[in-house]
Amino acid sequence: MSLVQTTVVTGTGDSIIAVAMKLPTDPAENLAALIRCPSVTPTEGGALSALETMLKPLGFAVDRPTFSEDGTPDVENLYARRSGNGPHLMFAGHTDVVPIGDEAAWKHPPFSAAIDNGEMYGRGAVDMKGGIACFIAAVARHVEAHGGPKGSISLLITGDEEGPSINGTVKLLEWAASRGEKWDASLVGEPTNPDALGDMIKIGRRGSISATITVNGRQGHAAYPHLADNPVRGLMTLVDALLNPVFDKGTKDFQPSNLEVTTFDVGNPATNVIPAKATASFNIRFNDSWTAETLQAEIHNRLDKASGRKKYRKGRKEPVEFELVWRDRPSHVFLTRNDKLIDALAGSIKRVTGRKPKLSTTGGTSDARFIKDYCPVVEFGLVGKTMHMVDERVPLAELEQLTQVYQQFLADWFG
């Protein structure tokens, strides 16, 4: 960290004392402070307090609203803004992390921020406390060198990205917008690079929607199938219709839509009993050939047609009776088309790393799916090879390089 001179007034107002305050210019120090906060979803764990400590010396006003909803845990979030005259850039991310798994399997304690052979170990090092640490260091260096950008910077940080994503970014955006906040662009610091820093910028995401199918049968003895109705046969018919044919072959900007069956259950511990009920859950990642609504209609159409087929139910004349339940809050497909934002980030990456990043829409969902309703959004962060793994870690050199990319981006985008 570097020092900056500031002034504070004593309680009487009679004298002014010069105080040297630390600016959080070192991404490794920032990250170590964050990793040492055990902020497993939905626990704040001290991570937002650590962020507030870093941001206030940089001139940020900090709010920490907590949101609630029945049936879900309360989640504390952070919104910080440093105001200026000019465009408004939002950096978005999350301090919550996934569980550590088997702690004994870790080379170093998962919340120790231990440094070994030039790498920092800890849960969240890559996903995504590292990205936050680098962005704060970049802002601090920009403030130190230029006194601040020609515009406003805000940080929108949730504690609910790795959880149900109900009391986090979506509500924090609504909360900020209701107070008059408007943004010109957003950068999400998720780990986007598959192999090396500078490989990839995410400029969009496929949509995601999930559902469960239930088929009710008639329980009976496995030796007397004519007295029972095996629901597994009916469910196989329906699942087969979901998997074939493929939904599409992909589009210019997106991979093919893909349906995966994630569970197939009968809840039957006995090997000689035909079950009474069978259920299957599935998830679809869909491209811009579809909307959530048109895809749901296609699924219903496939299941209705398949229910009368006899492929796995020879001798059965009646159609398969099924129940289809959609999960709440589908994620919608989106693609960012904003040349200023994309070109500024890509140019900054090229200047620092020497790599021309690929513009991609691959991977799962992120909080960018909520942000895209408020402003153009792109994603760029660390290399994601160890995220969610035992011994999650990041090279210190990579932290420094990402900080330099963010520094350059701040200069280019505001410039």
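Biologist: Where is aspartate 391 found?
Modeller: In this predicted model, aspartate 391 is in the loop between strand 22 (377–379) and strand 23 (393–395).

Biologist: Why is aspartate 391 called buried?
Modeller: Its relative accessible area is 14%. Buried means under 20%, so aspartate 391 is buried.

Biologist: What is the phi of aspartate 391?
Modeller: Near 65°, a positive value in a residue other than glycine. Most residues other than glycine have a negative phi.

Biologist: Why is asparagine 117 called exposed?
Modeller: Asparagine 117 has a relative accessible area of 74%. The label requires over 50%, so asparagine 117 counts as exposed. Asparagine 117 also has a positive phi, near 55°, and sits in the loop between strand 8 (115–116) and strand 9 (119–121).

Biologist: How do you know that cysteine 134 is in no disulfide?
Modeller: A search of the whole structure finds zero disulfides. The nearest cysteine sulfur, that of cysteine 37, is 17 Å away; a disulfide needs the sulfur atoms within 2.5 Å, so cysteine 134 is in none.

Biologist: What makes cysteine 134 buried or exposed?
Modeller: Its relative accessibility is 0%; the cut-off for buried is under 20%, so cysteine 134 is buried. Cysteine 375, at 6%, also counts as buried.

Biologist: What makes strand 4 and strand 5 a pair?
Modeller: Three bridges join strand 4 (residues 66–69) to strand 5 (residues 72–76). Pairing takes at least two bridges, so these strands pair. They run antiparallel, and glutamate 69 has threonine 72 as its bridge partner.

Methods: Residues are numbered from 1 along each chain as its sequence is written. This is a predicted model: local features need pLDDT of at least 70, side-chain atom pairs count only at pLDDT 80 or more; totals for chains, interfaces and linings use all residues. Side-chain values use heavy atoms; hydrogens and water are left out. Buried means under 20% relative accessible area, exposed over 50%, partly exposed in between (1.4 Å probe, protein chains only). Helices (H or I, at least four residues) and strands (E, at least two) are DSSP runs, numbered from the N terminus.
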